[in-house]
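Open the model in your viewer and keep the selection tool at hand. Each stop below gives a selection and then what is there.

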Amino acid sequence: MRVGLGYDVHRLVVGRKLVLGGETIPFEKGLLGHSDADVLTHAVCDALLGAAGLGDIGQHFPDTDPAYKDICSLELLDRTGRMLGQRNLAIVNLDVTVFAQAPKLAPFRGAICRRLAGVLGVAADRINIKATTTEGLGMIGAGDGIAAMCVTLLREVA
Ligand code: MG
């Protein structure tokens with residue numbers, strides 16, 4: 001068994017789409033980044049890469065590379081999942097927490113789980129998505145950004 005932790009944060013700005021776990025979420029601001037800035041999916045990628053001992057997302061998909069400009073982060077997740085498969089690693093489970101003052105993410109949790117599960121080729125019940133505010137405290141509470149954290153367990157398969 002191998003455990004991995006991922007964390008990411010992106011700034012919220014006007015004039016960008018808000019994409020979390022591959023789902024476009026209606027909101028007056030979106031996350032700023034080189035890719036689609038899908039902070040949830042980036043945390044998942046980093047947890048998976050960490051558990052596999054494969055470094056981090058910035059190493060594999062640098063934000064200075066024009067190839068990744070505005071890329072759908074589910075594509076990065078797909079590539080990450082393939083790297084695990086090549087190393088005979090399978091996902092036992094993924095647990096994600098999104099830190100956002102707004103919007104409310106509960107209505108999108110099921111769709112995000114199904115989307116991530118589809119990309120990674122695992123059952124949706126191996127993925128859990130939670131969301132919390134920071135009770136108005138700090139940069140998250142001020143609505144300046146959204147953060148996400150993910151922990152995962154991998155197992156070695158023959
Ligand atoms: Mg990121």
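Contact here means heavy atoms within 4.5 Å. Helices (H or I, at least four residues) and strands (E, at least two) are DSSP runs, numbered from the N terminus. The model is predicted, so to speak of local features needs pLDDT of at least 70, and side-chain atom pairs count only at pLDDT 80 or more, while totals for chains, interfaces and linings use all residues. Residues are numbered from 1 along each chain as its sequence is written, and side-chain values use heavy atoms, with hydrogens and water left out.

**Stop 1: α3 against α4**

Select L74, L77, D78 and G81 in α3. They meet R115, L116, V119 and L120 in α4. By class, this contact of α3 with α4 has five nonpolar, one polar and two charged residues. Ala, Val, Leu, Ile, Met, Phe, Trp, Tyr, Cys and Pro count as nonpolar; Asp, Glu, Lys and Arg count as charged; the others, Gly among them, are polar.

Two packed helices are described by the angle between their axes and the distance between the axes. Axes are lines fitted to C-alpha atoms, for helices over the stretch in contact, and angles run from 0 to 180 degrees between N-to-C directions. For α3 and α4, the axes come within 8 Å and cross at roughly 45°. The two helices are therefore oblique to each other. Angles under 35 degrees count as roughly parallel, over 145 as roughly antiparallel, 65 to 115 as roughly perpendicular and the rest as oblique. The crossing of α3 and α4 is right-handed. A crossing is right-handed if the near helix is turned clockwise from the far one by less than a right angle, and left-handed if anticlockwise.

**Stop 2: α1 against α3**

Now select α1 (39-52) and α3 (residues 73-86). Their axes come within 9 Å and cross at roughly 15°. That makes α1 roughly parallel to α3. The crossing of α1 and α3 is left-handed. Show side chains: T41, H42, V44, C45, L48, L49 and A52 in α1 meet S73, L74, L76, L77, T80, M83 and L84 in α3. This contact has ten nonpolar, four polar and no charged residues.

**Stop 3: α1 against α4**

L40, T41, V44 and L48 in α1 meet I112, L116 and L120 in α4. The contact of α1 with α4 counts six nonpolar, one polar and no charged residues.

**Stop 4: the largest pocket**

Which residues lie nearest the centre of the largest pocket? Select S35, H42, I57, F61 and D63. The lining has 15 residues. β1 (2-13), α1 (39-52) and α2 (57-60) each give two or more of them. β1 gives the largest share, three residues. The lining divides into seven nonpolar, five polar and three charged residues.

The pocket holds about 250 Å³ of space. On a 1 Å grid over the protein atoms alone, where a 1.4 Å probe fits, a pocket is an open set of points with protein on both sides within 12 Å along at least five of seven lines; lining residues have an atom within 4 Å of a point. Volume is the space filled by probe spheres set on the points.

**Stop 5: two backbone details**

Select A102 and P103. A cis peptide bond joins them, with omega about -5°. P103 sits in the loop between β5 (89-99) and α4.

Finish at A37. This residue has a positive phi of about 60° although it is not a glycine. A37 lies in the loop between β4 (30-31) and α1.
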